[in-house]
Amino acid sequence: MVSVGTYNKLRILREVDFGVYLDGGEKGNILLPSRYVPSGCGIGDEVEVFIYFDSEDRIIATTEKPYAQVGEFAYLQVNSINSVGVFLNWGLASKELLVPFREQRSEMRPGKYYVVYLYVDEVSGRIVATAKISRYLHRTPVTYTFNQEVNILVAQETELGFRVIVENAHWGMIYHSEIFTPVRCGDRLKGYVTHIRADEKVDVALQPAGYRAIDTLSQTILNTLRRHGGFLALTDKSDAGEISSLFGCSKKSFKKAIGALYKQRQIEIFDDGLHLVVED
């Protein structure tokens, strides 16, 4: 069954001068225009395509990759506004994404970026977006475990840190005190669960906790030492900002990592910095 607003694998039924027609089942035959037909494909082959409605509300296929599909959140830029609503750059050359005026949280302005959720409007059947995203979050139980790796979308900066959307399903937070590398709204990152709050919002860090984090950081330090000829002018007494700038970690984590490397006899720590141990 063809799903509008998502990726589908469909079989080529016939070729025409302006493209190929795909088997859309109950949706009928769906055109894939010539410019999107993969090289070497022919009748009977299956192609992965994104299905949407063109500017004349005809169902159509493309091999272009939009920034998000139905059921996902995305950070998109406003292209234009008219009497119908706000139109976002969706990543498709021939189609913008509509946010009806009723689906704005506040006035959306051209050139600005907003986090939105994509869905199919039940009345019109069209793919639209809403900036009222909270109603599409926390609709499933929070079942994450401590230190679990999760996908996050950075949604909003606050006084405490950044609000993030965890696994396209739940609100989360990364605190400023846990951020050691530049973070911007719209970034899609890997995070690690640190705490589930009473309201089921999820606290997230950008580095895994415990030995797992130290192991990763230790390897990064070794690689950096090798690139710098076996020496770095850093020690456990170095400035925290300098450490964060180079390794994206806290001074505490850095001290643990170099301590582990010292115990493994992979580095030596002198007053002038770190020295890589060269095996005979």
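The model is predicted, so local features need pLDDT of at least 70, side-chain atom pairs count only at pLDDT 80 or more, and totals for chains, interfaces and linings use all residues. Residues are numbered from 1 along each chain as its sequence is written, and side-chain values use heavy atoms, with hydrogens and water left out.

**Exercise 1. Strand S6**

Task: State which strands S6 is joined to, and by how many bridges.

Solution: 
- Step 1. Strands are DSSP runs of E with at least two residues, numbered from the N terminus, and two strands pair if DSSP finds at least two bridges between them.
- Step 2. S6 (residues 73-81) and S9 run antiparallel and are joined by 5 bridges. Within this pairing, Leu76 has Tyr114 of S9 as its bridge partner.
- Step 3. S6 and S7 (residues 85-92) are also antiparallel, with 3 bridges. Here Ser80 has Phe87 of S7 as its bridge partner.
- Step 4. The link from S6 to S7 is a hairpin of 3 residues.

**Exercise 2. The barrel**

Task: Give the strand order of the closed barrel and describe the pairing of S13 with S15.

Solution: 
- Step 1. The closed barrel has 5 strands in the order S11-S12-S13-S15-S14, and its pairing is mixed. Its neighbouring strands are turned by 55° against each other on average, direction ignored; the axes behind such angles are lines fitted to C-alpha atoms.
- Step 2. S13 (residues 170-175) and S15 (residues 202-205) run parallel, joined by 2 bridges. Val202 in S15 is the bridge partner of Gly172.

**Exercise 3. The second largest pocket**

Task: Describe the lining of the second largest pocket.

Solution: 
- Step 1. A pocket is an open set of points on a 1 Å grid where a 1.4 Å probe fits, with protein on both sides within 12 Å along at least five of seven lines; lining residues have an atom within 4 Å of a point.
- Step 2. The volume of the second largest pocket is about 290 Å³. Among its 14 lining residues, Arg105, Val115, Ala131, Ile133 and Gln156 are the closest to its centre.
- Step 3. Strands S9 (113-120) and S11 (149-157) each give two or more residues to this lining. S9 gives the most, with 3 residues.
- Step 4. By type, the lining has 9 nonpolar, 3 polar and 2 charged residues, with Gly counted as polar.

**Exercise 4. Cysteines**

Task: Decide whether Cys185 and Cys249 are buried, partly exposed or exposed.

Solution: 
- Step 1. Buried means under 20% relative accessible area, exposed over 50%, and partly exposed in between (1.4 Å probe, protein chains only).
- Step 2. Cys185 has 26% relative accessibility, so Cys185 is partly exposed.
- Step 3. Cys249 has 6%, so Cys249 is buried.
- Step 4. The structure holds 0 disulfides, a disulfide being a pair of cysteine sulfur atoms within 2.5 Å.

Notes:
Helices (H or I, at least four residues) and strands (E, at least two) are DSSP runs, numbered from the N terminus. Axes are lines fitted to C-alpha atoms, for helices over the stretch in contact, and angles run from 0 to 180 degrees between N-to-C directions. Grid points are joined across faces, edges and corners, and a volume is the space filled by probe spheres set on the points.
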